[in-house]
Amino acid sequence: MRVAVISAEAVPYSKTGGLGDVAGALPKALKAVGIDSVLITPCYLQTKGEYLWNTAIEDLNVDWRGGVYPAKAFYSEANGSPTFLIDAPSYFHRDSIYGYTEDHERFAFFNHAALVLLKRIGAAPEILHLNDWHCGFAAVELAEKRRWDPFWRNTRSVFSIHNMAYQGGFSNSELWKFGFSSDFARGAFSFNGFASAMKAGLEVSDMLSTVSRRYAMEIQTVENGYGLDWLTRQRANRLIGITNGVDYEVWNPATDPELASHFSIDDMAGKQACKRDLLEAFSLPVEMNRPIIANITRLTAQKGIDLMMQIAGEIVHAGAYVISLGSGEKKYEDFWQSLRDYAPRQVGVYRGYSEPLAHRIEAGADMFMMPSKFEPCGLNQMYSLRYGTVPIVRAVGGLDDTVQNWDAVNGTGNGFKFGPYRADRFLEKIYEALFAYGDPDTWSAIQRNGMSQDNSWENAARKYVDLYRWTLD
Ligand code: ADP
Ligand code: GLC
């Protein structure tokens, strides 16, 4: 079976969040279970030159907006599987990966160029695996082309929803510019008087998936469907949830090159060295018996920063260290800065994006808080589990699927989990965690339960293969 995975970001070429981790790792995982896959992603200004192994296509002439866009395609296997990176400087050589008013045009181009590339290399995939709104355009183009172009006749599409909150909306009046003028295409994009790339992908793809089982149900509700719950309900018999995996070659405390010391479930001594290293990195006094509660995230409302704001003072008064790595909305950045100013001997803040620091925090912290408002899957709680850093999460989406609440009577559970989106419930769980931390045997039991949990990609990849087979049937 041949699969082409199309994604707006993929590690190590580009990443702003979990989509990058997933799209980078899935093709490698597919290869490991015997599936021939190719990844197609843009070449950004941020993509490091060392990953561009060679120029595969010098003249990828993409018919576009009535002319020809002279793009290039680089080839690489830096993520462990064959990858083509589409190089279109005016669209992708910019200061950031997203955030432009014409993002819809940038990804409409990318999708079209990806299909041009697949045809150029002469390998029609049986499965076109599309990710998030950025790939809604390819879903429609494929559905149309399949009717008259024999090259695409046997290709089926799988559309994965990583985050329903981002839908790629734009004006209907632009559709024709991107080659979508048929009634079919206009109908597919049309949503509340606008065009929505997410809606198009959901409507015309042959099969749908999302990144955890619980989120597959949540997006069928008004609360989490962001206006499209009627469509996910309508297509529920073609929608499944597959929980993301973790790339344990990248996230493994026994081998992670970013760490001051290595450790594993059988030898935890190195975790103490990582804790010391982390406190020093943030210029905090080294008091090894004080727990560190950490957070690494895009600073948006999705991640429950409002709850953190309400209880941060209590955490500090309880005596814990708090460490935050993230950037995003100004009000949240300001909050972290003011907390740091309030308790400079207990709070460490790094505003920005740093992959190496993310690894050091996962290793050195004792607890990881993730009180998300909604969370399609979430990767950091799974990284935390493997690094013996106990997650404190809200029971939503993938957080609910991957974290089990500690049960002191039976000795089961790998973290702390609360339900309602309320600061008092969150604080209760923080106190429970701090209490458990006070008893070394209890703490080590929780850590061991987490560290032994298998969230490897192998399981997830097999489920994708089943989904692909089901799609082809
Ligand atoms: P989302 O995709 O919604 O942002 P996930 O938990 O799925 O959430 O994935 C987030 C990924 O991005 C993780 O790999 C996390 O470590 C990383 N990340 C987020 N913010 C930062 C940051 N400021 N610096 C380094 N890595 C970050
Ligand atoms: C999205 C979601 C996150 C998920 C990631 C990868 O960005 O917000 O929960 O883990 O995609 O699927």
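The legends below describe close-up views of a predicted model.

In this predicted model, local features need pLDDT of at least 70 and side-chain atom pairs count only at pLDDT 80 or more, while totals for chains, interfaces and linings use all residues. Residues are numbered from 1 along each chain as its sequence is written, chains are lettered from A and ligands numbered from 1 in the order in which they are written, and side-chain values use heavy atoms, with hydrogens and water left out.

**View 1. The two domains of the protein.** The protein is divided into domain 1 (2-245 + 458-472) and domain 2 (269-454); such bounds come from an automatic or database domain assignment. The C-alpha centres of domain 1 and domain 2 lie 33 Å apart. To the contact between them, domain 1 gives 21 residues and domain 2 gives 19 residues, where contact means heavy atoms within 4.5 Å.

**View 2. Helix α10 and its surroundings.** Helices (H or I, at least four residues) and strands (E, at least two) are DSSP runs, numbered from the N terminus. Helix α10 covers residues 269-281, 13 residues in total, and its first and last C-alpha are 19 Å apart, close to the 18 Å expected at 1.5 Å a residue. The expected span is 1.5 Å times one less than the number of residues. The buried residues of α10 are Gly-270, Lys-271, Cys-274, Lys-275, Asp-277, Leu-278 and Leu-279; buried means under 20% relative accessible area, exposed over 50%, and partly exposed in between (1.4 Å probe, protein chains only). These buried residues pack against β13 (292-299), β14 (321-328), α13 (355-364), α16 (423-437) and α17 (440-451). After α10 comes Ser-283, with a positive phi near 50 degrees.

**View 3. Helix α13, a largely enclosed helix**. Because seven of the ten residues of α13 are buried, the helix is largely enclosed by the rest of the structure. The buried residues in α13 are Leu-357, Ala-358, His-359, Ile-361, Glu-362, Ala-363 and Gly-364. Their packing partners are α10, β13, β14, β15, β16 (367-370) and α14 (380-386).

**View 4. Thr-232 in helix α9**. Thr-232 belongs to helix α9 (residues 229-234). Thr-232 counts as buried because its relative accessibility is 1%. Leaving aside neighbours within four places in sequence, Thr-232 is in contact with Met-164, Leu-202, Ile-219, Gln-220 and Leu-239.

View 5. Rolling a probe the size of a water molecule over the atoms shows where empty space is left. On a 1 Å grid over the protein atoms alone, a cavity is a set of points where a 1.4 Å probe fits but cannot get out, and lining residues have an atom within 4 Å of a point. Grid points are joined across faces, edges and corners, and a volume is the space filled by probe spheres set on the points. Leu-299, Ser-324, Gly-326, Glu-333, Trp-336, Gln-337, Val-349 and Arg-351 form its lining. Helix α12 (330-342) gives the most to this lining, with three residues.

**View 6. The second largest cavity.** This cavity has a volume of about 40 Å³. Its lining consists of Val-5, Leu-19, Val-22, Ala-23, Leu-26, His-129, Asn-131, His-162 and Tyr-464. Two or more of these residues come from each of α1 (18-32) and β6 (127-131), and α1 gives the most, with four residues.

Notes:
On a 1 Å grid over the protein atoms alone, a cavity is a set of points where a 1.4 Å probe fits but cannot get out, and a pocket is an open set with protein on both sides within 12 Å along at least five of seven lines; lining residues have an atom within 4 Å of a point.
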